[in-house]
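Notebook open. I want to look up how the pieces of this model sit against each other.

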Amino acid sequence: MPILALDNVSKSFGALTVTDKVSFALQSGEALGIIGPNGAGKSTLFNLITGNIRVDAGQVTFDGADVTRQPPMARCLAGIGRTFQIPQPFEKLTVFENLLVAATFGARKREGEVSDDCASILAETGLLGRANQPAGSLSLLQRKRLELARALATQPKVLLLDEIAGGLTEAECHQLVETIQAIHRRGASIIWIEHVLNALNSVVSRLLVLNFGKVIGIGEPDEIMASQAVREIYLGIEV
Amino acid sequence: MAVEALQSFRVETRTRLSSAFLVVAIAVLAIGFAAPLFSSRVVIQDLFFILTMLVLAQCWNLLAGFAGLVSVGQQAFVGFGAYTMFAAVILLGLDPLVGIVLAGLLAALLTVPTGFFVFRLQGAYFAIGTWVIAEVARLSFAQWKALGGGTGTSLPSGATRDMFGVRWIADLFGWRASQATDVLCYWLALALAAATILFIHRLLRSRQGLGLAAVRDNQEAARAVGVDPRWMKSTVYLLAGLVSGVTGALIYVQKARISPDAAFSVTDWTAYVIFIVVIGGIGTIEGPIVGVIVFFVLRNVLADYGSWYLLILGLIGILVMLVAPRGLWGLFTDRTGIQLFPVRRMLTGASTTKTITGGTHG
């Protein structure tokens with residue numbers, strides 16, 4: 001049974017259809033990549049899965065339950081963790097406190113129980129040395145890591161990563177990929193929106209291509225990258 | 001960053017200084033409790049004023065500084081609490097102390113319908129909405145003829161003298177009943193201020209306090225990690241309303257005379273309160289304490305200058321906002337790193353010790 005399934009999900013803002021009858025299923029433990037040009041509706045798709053935006057039509061099923069009408073808090077508690085494309089830290093709280101919020105609310109645990117978990121997530125994401133700094137003082141790379149760390153602290157079953165490698169140097173990107181691979185190996189299901197294709201393809205086993213809100217292809221990365229539709233629409237290469 | 005080192009991590013909020021301060025705080029409380037034995041009645045009345053303004057300031061700071069709810073209508077709950085107490089005494093013949101308890105309960109209930117309206121509004125509209133509700137409350141109570149309508153009324157003579165505990169205090173210390181009434185009100189204000197500060201400190205150090213800070217900093221991200229912003233804000237709004245109602249009732253037990261214009265005064269119960277919080281330092285527990293002392297001193301120094309008083313208060317408020325946006329306490333804590341009511345959770349352990357900074361909250 002898939003852990004997450006979208007069935008004919010649609011969303012319009014006025015006359016603009018940003019998500020057009022999208023259907024796909026994520027198997028438990030799978031890593032799925034989403035690619036598509038800017039404005040294809042990738043981030044909107046995430047917001048529909050997390051409940052930050054309500055669907056107009058269609059159904060979102062998570063872990064066997066229909067969550068289409070549930071608010072974001074409930075979906076987080078059910079096990080959907082996400083990062084934001086533009087990092088959204090709790091700026092006046094420290095890095096460690098950012099994780100504490102996520103762990104105590106998102107995983108419904110007491111503060112005393114989670115501090116060790118939070119410390120090890122900080123260690124894994126390379127933020128331990130900054131644990132007691134206000135999150136507002138972090139650099140872009142650190143903010144992106146905090147996004148990942150905070151999402152992990154909610155103990156998600158499915159982790160939604162939104163362009164987490166964008167704007168990083170090659171070395172930074174490589175480190176991040178290793179971290180994500182480690183998380184995936186421990187059993188987390190992942191959906192990852194990314195423009196940095198080599199980073200993406202070193203983690204995911206399937207790719208979904210989105211254009212004008214429509215799924216125009218889903219399958220093995222090699223097969224997708226080779227398909228003519230993707231090369232034309234996404235890579236802009238005339239064939 | 002060896003994984004085995006993780007076992008040695010601890011989370012601390014207390015600092016050595018804050019533990020020492022606890023002793024000082026208890027001593028101050030004890031001296032405050034004993035103050036009526038060696039102070040004149042005027043001093044006790046001044047202290048009563050300071051303490052009640054401090055409670056209102058802590059409430060407003062909880063709303064605006066910790067929950068991001070900038071209300072300019074807290075006078076709705078002060079006035080409503082005061083009128084509830086008057087109604088309990090005059091119409092039902094109850095003890096004023098029972099009236100104070102009722103005031104708290106009914107003010108908390110009042111937050112349900114008012115919250116229903118104002119929580120549909122954001123930011124500046126929220127502020128205006130709260131003010132409108134307070135004005136509606138003022139105009140409504142001005143229609144209540146049994147409580148004096150627009151001109152107001154007084155507590156029946158003897159109502160406060162016969163208040164529970166007054167006779168006992170008067171006999172014990174050999175005071176007149178009016179003095180014993182003042183002392184009882186003062187003790188209640190002292191207890192209320194101490195309880196409010198203690199409660200807010202505990203709240204901020206709890207899981208709910210973390211959630212509140214998260215909502216204040218970024219509502220969308222808070223939702224994404226499982227925090228319910230609406231529940232957080234409603235709870236804070238209810239608590240602030242309850243405590244403001246109790247405080248209003250207590251202030252008017254001591255004043256013994258009420259009118260809608262005074263009880264629902266936006267200047268007395270919100271503008272001054274905002275001034276106190278802003279100059280003291282918004283978003284800290286220490287801020288309102290510093291602010292209320294500065295406010296009291298200014299009020300006494302400028303008492304003879306009529307409308308210049310308000311002009312100068314306003315000018316000082318603007319200056320502080322420009323020079324020290326986080327208030328006098330913020331200025332002090334930035335320089336010294338001292339926090340008397342620390343709420344920040346510090347992760348301590350081998351590999352983080354060198355980066356620990358005395359950063360400040362809020």
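**Sheet in chain A**

I started with the open sheet of six strands in chain A, whose order is 6-7-8-3-9-10 with mixed pairing. Strands here are DSSP runs (E, at least two residues), numbered from the N terminus, like helices (H or I, at least four). Two strands pair if DSSP finds at least two bridges between them. The edges are strand 6 (80–82) and strand 10 (214–219) of chain A, each pairing on one side only. From one strand to the next the twist averages 20°.

I then checked strand 6 of chain A: three bridges join it to strand 7 (residues 158–162) of chain A, and the two run parallel. A:Arg82 sits opposite A:Leu160 in strand 7 of chain A.

**Ground rules**

This is a predicted model, with local features needing pLDDT of at least 70 and side-chain atom pairs pLDDT 80 or more, while totals for chains, interfaces and linings use all residues. Residues are numbered from 1 along each chain as written, with chains lettered from A and ligands numbered from 1 in the order written.

**Helices in chain B**

Next I looked at helix 8 (residues 207–217) and helix 10 (residues 229–255) of chain B, which pack at about 110° with axes 10 Å apart. That makes helix 8 of chain B roughly perpendicular to helix 10 of chain B (65 to 115 degrees counts as such; axes are lines fitted to C-alpha atoms over the stretch in contact, and angles run from 0 to 180 degrees between N-to-C directions).

Key: Parallel < 35°, antiparallel > 145°, perpendicular 65-115°, else oblique.
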